Structures are given as C-alpha cells and as structure tokens.
Amino acid sequence: MAKKARPGVEATQTKGFLKAHQWLILRRLSQFSILGLFLLGPLAGIWFVKGNLAYSETLGVLPLTDPHVLLQAVMAGVVPHPDALIGVAIVLAIYLVVGGRVYCSWVCPVNLITDLACCTRRVLDIRSSTQISRNTRYWMLGLTLVLPLVTGSIVWELVNPVSMMFRGIVFGLGMAWVILLGVFLFDVFVSKEGWCGRVCPVGAFYGLLGSKSLVRVVADDRDKCDDCMDCFEVCPEQQVIRPALKGADKGIGPVILSGSCTNCGRCIDVCAEDVFHFGTRFANEKPTAAKIEEKPFVDAA
Amino acid sequence: MANSGKGKGKEVNRRQFMGNLLRTACGVGLMGMGLGMYSRQASSLPALAIRPPGALPEEEFLGACIRCGLCVRDCPYDILMLGQLGDEVVAGTPYFTARTGPCEMCEDIPCIPACPTNALDHDLTDINDSRMGLAVVVDQETCIAFLGLRCEVCFNVCPIRGEAITLNYQHNKRSGKHALFIPVVHSEACTGCGLCEKACILEAAAIKIFPAHLAKGELGKHYRIGWKEKEKAGKALVTPDIEHRYNLPEGVRYDLQGEGLIIESEDKGELPVSSNPLDTLNQGFGGE
C-alpha cells in the first residue's frame, strides 16, 4: 500500500479517467437505475415496475422472479402460480446469458455496502482477515434450502440482507439497517470480501448459474500482462483470475470460466495494458478467431 | 489441494482440508440452528396484525409468501403494509391493522391475483367467503350499547349487514323500562374485515378483530346440541315428558309454556265459577 499507488492509477494515466472507470460507472448506473425504477412508483406514482427483487411485475405484463427465493418457497411446499414460473424462466435465461453473478455486481444493492467496505479497508490499510472458506457460501446455500424443508417456513428471508435492503429502500427499512451495518463491519474488520465472497448464499446460487453462463471476462491479451497486480488488487474473487491470466504455459485458455467471477469488469478498467475484455465462454476454443470476433462485441457493449 | 504436495505434505493438506471442512460445516450448522430457532420465535403473529383476504393459515403462509409486496401495491385502499425488521410481524410479510385501515372488501379482491405463490389463495373469488379474522365485542364495560345508549355503529357499517353482526334486544334492568341493543357477532358470516373496529366510536375500540384461533372457542368433540340433533333426526331423541294433567274446572285449561290459564267457556260472558268469591264460599252452606 505504502509502496504502491491505488490500483487503477496507471490505467487512468494511460487510458483516461472515463476509459479506466467505464464498467464501474456503468455498474453503478445499473444498480441505481434499478433501484430508481422501483422507487418511481411509491415516490412519483409512476408504476413502471411493482414489487421488489423477490418478484416484480414490469408494465403489468413482465413477471420477474428471484429463483433462489422461489426455490425456498417450493422447498417449503408451495405450488407457485404460473406467472412466478414464467418469471423464473426469464430471469434464469437472462443470467445464463449475461453471467450468473452479474446479479451480484450489477443489481444487488448490498454490493454498494461491500464495495464501500472494501474501499474502507484500503483507506484504513486493514490487512488482517479471518480465514473463512470461500466454499462456506455453498454450505449456506444448502442451509437456505434445507431449512424450509424442515421448518416449512422461508427462514432465510427473515435475515437475508440482500432482499431486506432492496425491500427496505422500496417499502420501508425498519431495523434492517442493523443487519446492513453488520455486513459492512463484518467485511471491514472480520473478513475481507467476507459477505459477498464467502457467506452469501444468494451469490452462491447465481455463481452456480454463472458457471454455465455465456458472457465471460477473457484475458485475451494476456501476453501483454506486466504483472502490475492491479487486477488482483481490485478483484473481489482474486482466485478466478490466475488460471486465465497465467495459465498459458499449462494450456489453460484465457477465459475466466469460474462461476464466482461477477463480471463486474473492474479488472478490464484498471488494466493499463488492456489485457481483459468481455467475451464469451467459447473464446477458449478458437483463441485467434474469437479474439477478432470479440472486439466489436466489446465496443457495442 | 490434496495433490499439490508429496508424501508428508499431502497428509497435512488432507488434515487441513478435513479441518476446514468440519469448521465450515459446524459454523454453518450452528447458524442454521440459530436461524431455525429465531424463525420459530419470529413467526408468531401479533393479535392485531391481520393478514390480507385469502391468506393461508399462518404456518403455511410463512412458507409460501416470498415477500414481494405486490399485494401491498395492488390494494386500492393502501391498507396493506409489509412487516419491517423490528416489527412484531415477520419482516416482508403483508398485514393490515383494522383500527387504522380495515379491509374495504373489494368485490374483485385485487390483492389475491397479485400474489405469485398462492400465499393468498387464488381459489377465493367471493370476498364474503374470506376469513381474515373474527370480530369480537371484547369489552362490555365500555361498549355504550351495554350502558343502555343507542349506538349500533358497528352493526350499521358491517358490509354483511344484519348477518355478521345482529342486534340482540335485552331488557335494561337498571332503568327498568328501556331496551339494550346489544351487538352480537356471528362467526359464520363475519369476514374479519375490521370495518366495525375502525368505526367503533370509543377511544379504544370495544369491538376488535382477532385471528380466528384467538377469537373462537371450541366445543368438546363429544358434545351434542340437543335441539340440533332433534332437527336432524326429525323427532325427539329422548323419551318425551309425560304430559301433566291439571285438575281444572270444565272449560279451563293451562298452557305451561305459553299463555298460562286459558278460559274457554262457550258463552263468553259467563264464567264456570261465579265472579263473586262469596258465592263459592256460601255454596257449602245453603246449596244442598
């Protein structure tokens, strides 16, 4: 920290501020505009979309259902209404294309808190972190699905910070800020990237979805990497970068295939050498051909 | 992890691996126990929070409601609210408070089709069949009908007027000459909408909506209500009482449960006995 400037400084110098922050800015725009759309109803009386992230209805016709919440309800013995099932199909289809954990980095409101926590850690130079396995979240996911089976009640939603924060903003927060403060403090003082990267079962669910999803970050210009470590510094799931970035010798392709990658695009931003681009999971198969095809895709996005 | 080292290193890694696995499993397991117990505690609904029409029984409801709030949005009277963390109502689940905002009993029940999980039963199409709770006249000491005053506001605002709440006329013993107009709730018609509780003119309502399980008593299974059994069977199920025979003068009979003494003399002017009691008394002396 003392030795090295903040990650992304070099990229800002070489690429300009906008280019070095484009995905971050787009991501914040996405997070706030989704919240904004839901708030238009209660605040301005414009009912473009009703509900919250658990289930919503857009323009009175388009249902969107959170598959994780509905799965919990089904485990509790519910037969959902057809609208809810259509909503699940649409949501699954969307995330199978854009990347499962795009939910985490582009939609989830708790991401704002955990990103702030990450920033706080960097500013206060907090290094210590309790080792919590990154696999804990899959155990948590299992737990959230077993509890409804045992108790007949959607237990996880009693405390789920993700749904609680979004619902809180749209319908009224109550004491939910205590849980959100807890998440922030947990991430700052207990475990680095603790909530999103290790514990959250919602992220784990979308991560499983993401391991099969189409759009991926590709280190297609990995030969240009100058080992500045900026991408590792900003990445909330560092372990996903290494195989794609440094795996050329072992014959590993340049696509970040891990479902844990949130497609936040911050690595693309902070890389002064433009090693990373958005591409598809099939970019591994024909490295050279894919490289040529992907450039226009990135520009269009 | 296991194949990164050789020999000794591998064993340590395996041990570490098992240790980590157990640590995670125990941590998550403990969390699950905590959550499970918290859910038990948190799932008791406070008496004055009423679920929307068509809501499943509370235990099933908590497994079915995904906390989306669409019923809240589709209620045209904005009476529904979502529980917030710190409220007594489970966070994210819909409820209304009868005293401040009762259910207006919309004919098309728009909150029900809004529900994506049947937590509000889509089979309920007639709002009069809904059972959100049950009105109870909880306080006979303050309800002014019991004090002898004419009120009948609850009776008059009731959307199922004359069926869910009726007025029972009773004698006012205090004044000795007036009637009491006592409101009586009938569970076979009351939907628990809460309009009566909202309308009650007292500072604190004397008629309140409670969840049915708090409001209703239950007869022992072995109880039989005689007159209902009689109606079902079409005849008395016990040996009828032997009719009592009164030794009365001719042309007079006695109706025990009706009019009392009935005099049926043929020519109405003359009684079988003289209206002058002295005649009867003197009979024994001069008659024969």
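Good morning. In this predicted model, the contact between the two chains takes 47 residues from chain A and 34 residues from chain B. On the side of chain A that touches chain B, the elements giving two or more residues are strands S1 (49-51), S2 (55-58) and S3 (62-65), together with helices H3 (67-75), H4 (82-98), H7 (136-151), H8 (161-171) and H9 (176-190) of chain A. The largest share of that side, 8 residues, is contributed by H7(A). By residue type, the side of chain A that touches chain B comprises 27 nonpolar, 15 polar and 5 charged residues.

I turn now to helix H6 of chain A, residues 110-124. This helix has 15 residues, and the distance from its first C-alpha to its last is 21 Å, close to the 21 Å expected at 1.5 Å a residue.

Which residues of H6(A) are buried? They are Val110(A), Asn111(A), Thr114(A), Asp115(A) and Ala117(A). Viewed down the axis of H6(A), these buried residues fall within an arc of 155°, and therefore they line one face of the helix.

What do the buried residues of H6(A) pack against? Their partners are helices H2 (17-44), H5 (102-107), H8, H9 and H10 (194-199) of chain A. H8 and H9 of chain A also give residues to the side that touches chain B.

On the face of H6(A) turned away from its buried side, the exposed residues are Cys119(A), Val123(A) and Leu124(A). Finally, just after H6(A), Asp125(A) adopts a positive phi of about 55°. Thank you.

Technical notes
Residues are numbered from 1 along each chain as its sequence is written. Chains are lettered from A and ligands numbered from 1 in the order in which they are written. This is a predicted model: local features need pLDDT of at least 70, side-chain atom pairs count only at pLDDT 80 or more; totals for chains, interfaces and linings use all residues. Two residues are in contact if their C-beta atoms, placed from the backbone, lie within 7 Å. Helices (H or I, at least four residues) and strands (E, at least two) are DSSP runs, numbered from the N terminus. Ala, Val, Leu, Ile, Met, Phe, Trp, Tyr, Cys and Pro count as nonpolar, Asp, Glu, Lys and Arg as charged, and the others, Gly among them, as polar. The expected span of a helix is 1.5 Å times one less than its number of residues. A residue is buried if 20 or more other C-beta atoms lie within 10 Å of its own, exposed if 12 or fewer, and partly exposed in between; C-beta atoms are placed from the backbone. The arc is that of the directions from the helix axis to the C-beta atoms.
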